[in-house]
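Here is a short report for a reader who is new to this structure. Please look over the sequence and the model before reading on.

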Amino acid sequence: MNILITGGAGYIGSHVVKLLGQTTQHNIIVLDNLSTGFQHAILYGKLVICDLSIIKEVEKIFQHNNFDIIIHFAASIDVSESLSNPLKYYENNTLNSINLIKMALKYKVKKFIFSSTAAVYGNSKKMFVNENDDTQPLNPYGWSKLMTERILMDMVGDTQDFEYIILRYFNVAGASADGKLGSYNKNATHLINMATKVVVGELEEMFVFGNTYNTKDGTCIRDYIHIDDLASAHLKAVEYSGSGIFNCGYGQGYSVKEVIETMKKVSGKDFKINIVGKRIGDIEAIVADNKKILTKMQWHPQYNDLDFICKSSLDWYKKQCAM
Ligand code: UFG
């Protein structure tokens with residue numbers, strides 16, 4: 001099959017390109033503007049450097065390729081930036097997606113796999129969320145993704161031969177188990193990235209945003225999913241027949257303190273932590289109810305192991321620092 005992968009030079013996209021390249025014969029075309037991605041992260045397929053907002057250029061790619069599937073990663077993903085510059089998110093994430101969906105319909109692409117986020121759930125009343133639970137994003141980033149979800153779902157009624165798969169990612173972390181890929185984004189501010197930077201000495205200390213939440217130790221709870229398992233969920237989505245929304249997480253929650261303790265353990269290094277005020281817009285506790293993806297897609301995650309997630313992140317970062 002011919003697969004178009006937008007944002008394939010980014011952290012998640014590049015891992016999916018690698019897995020598809022290693023395990024399938026599909027023909028891969030990556031479309032990326034390289035604004036946050038890296039050409040050297042694309043280990044398979046062909047790269048076309050192009051911005052999704054330049055519709056004429058995008059259309060040329062469709063004219064020259066007979067795509068069967070689109071996997072759409074390209075997006076802006078910084079929650080705090082989405083609060084200060086919401087239009088950037090509605091343009092990059094919603095408007096560009098509309099244009100891509102239009103192109104998909106015009107050129108009769110049969111399947112559209114969309115990168116969504118657990119941020120669409122907002123502050124759910126329960127810790128374990130399933131795909132039918134209410135969605136109420138807390139920021140424009142979450143809304144921009146939720147709107148695209150809705151648009152995709154509305155397309156199916158009109159068109160016979162169009163399927164969508166919406167993957168709602170929980171907290172993606174770590175680097176590939178074979179050591180070939182990881183995150184090249186040195187500015188990432190996610191919890192495991194920050195802890196990694198403290199261990200390697202790039203930061204002196206780290207901050208914990210609040211310890212008075214109504215959780216086991218007062219810090220927020222998240223479901224951390226290893227990047228290789230998230231990539232394998234995409235492989236399942238490529239093979240799956242039908243449309244639907246699927247949570248991508250392990251169904252296991254860890255607190256911020258537990259993640260930090262794990263990083264200290266696997267690195268053998270103690271480091272300083274400062275408890276500071278709560279971060280605006282943080283969800284108290286959110287964990288995937290992942291029954292749907294486990295049963296319907298027969299997804300078999302292999303790295304549900306916080307030690308390994310932290311260690312792979314650390315090993316990758318050390319390797320980058322040494323280069
Ligand atoms: N945190 C700290 N200190 C830090 C960084 C993070 O205490 O230096 C805390 C946060 O307050 C939060 C937890 O660690 O409680 C996780 O924060 P991240 O920034 O790593 O990730 P988020 O949960 O905020 O967001 C991520 C993605 C979203 C996605 C969400 C789903 O960025 O796109 O996970 O749970 F929707």
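The side chains of Lys18 and Asp178 meet in a salt bridge, with 2.8 Å from N to O. This is a predicted model. Between domain 1 and domain 2 the count is one salt bridge. Six residue pairs are in polar contact between domain 1 and domain 2, with both residues at pLDDT 80 or more.

Which elements supply the domain 1 side that touches domain 2? At least two residues each come from α1 (11–23), β6 (128–129), β11 (224–226) and α7 (227–239). The most come from α1, which gives five residues. By type, the residues on this side of domain 1 divide into 13 nonpolar, eight polar and three charged.

Now the domains themselves. The domain assignment of the protein chain gives domain 1 as 2–172 + 225–248. Domain 2 is given as 174–222 + 251–286 + 305–322. Their C-alpha centres lie 25 Å apart. In contact are 24 residues of domain 1 and 23 residues of domain 2.

The size of an interface is often given as the accessible area lost when the parts come together. Here, domain 1 and domain 2 bury about 1800 Å² between them. Carbon and sulfur atoms carry 65% of that area. Three residues stand out: Tyr11, Met127 and His226 supply 27% of the area that domain 1 buries against domain 2, more than any other three residues.

Next comes the ligand. Around the ligand there are 19 residues. Which of them come nearest? They are Thr117, Asn171, Phe207, Arg222 and Asp282.

| Residue | Atom of the residue | Distance to a ligand oxygen atom |
|---|---|---|
| Tyr141 | polar side-chain atom | 3.5 Å |
| Phe209 | backbone N or O atom | 3.0 Å |
| Arg222 | polar side-chain atom | 2.6 Å |

Last, the salt bridges of the whole model. Side chains of opposite charge can pair when their charged atoms come close. How many salt bridges does the structure hold? It holds 17 salt bridges. One of them joins the side chains of Asp68 and Lys110, at 3.1 Å from N to O. This pair links distant parts of the chain, 42 residues apart. Asp68 sits in the loop between α2 (55–64) and β4 (69–72). Lys110 sits in the loop between α4 (86–106) and β5 (111–117).

How values were computed
Residues numbered from 1 in each chain as written. Predicted model: local features only at pLDDT ≥ 70, side-chain atom pairs only at ≥ 80, totals over all residues. Heavy atoms only, no water. Domains from an automatic or database assignment. Contact = heavy atoms within 4.5 Å. Buried area = accessible area lost by both parts, 1.4 Å probe. Salt bridge = Lys/Arg side-chain N within 4 Å of Asp/Glu carboxyl O. Polar contact = N/O pair within 3.5 Å; in protein donor to acceptor, adjacent residues only side chain to side chain. Helix = DSSP H or I, 4+ residues; strand = E, 2+ residues; numbered from the N terminus. Nonpolar A, V, L, I, M, F, W, Y, C, P; charged D, E, K, R; others polar. Near = heavy atom within 4 Å.
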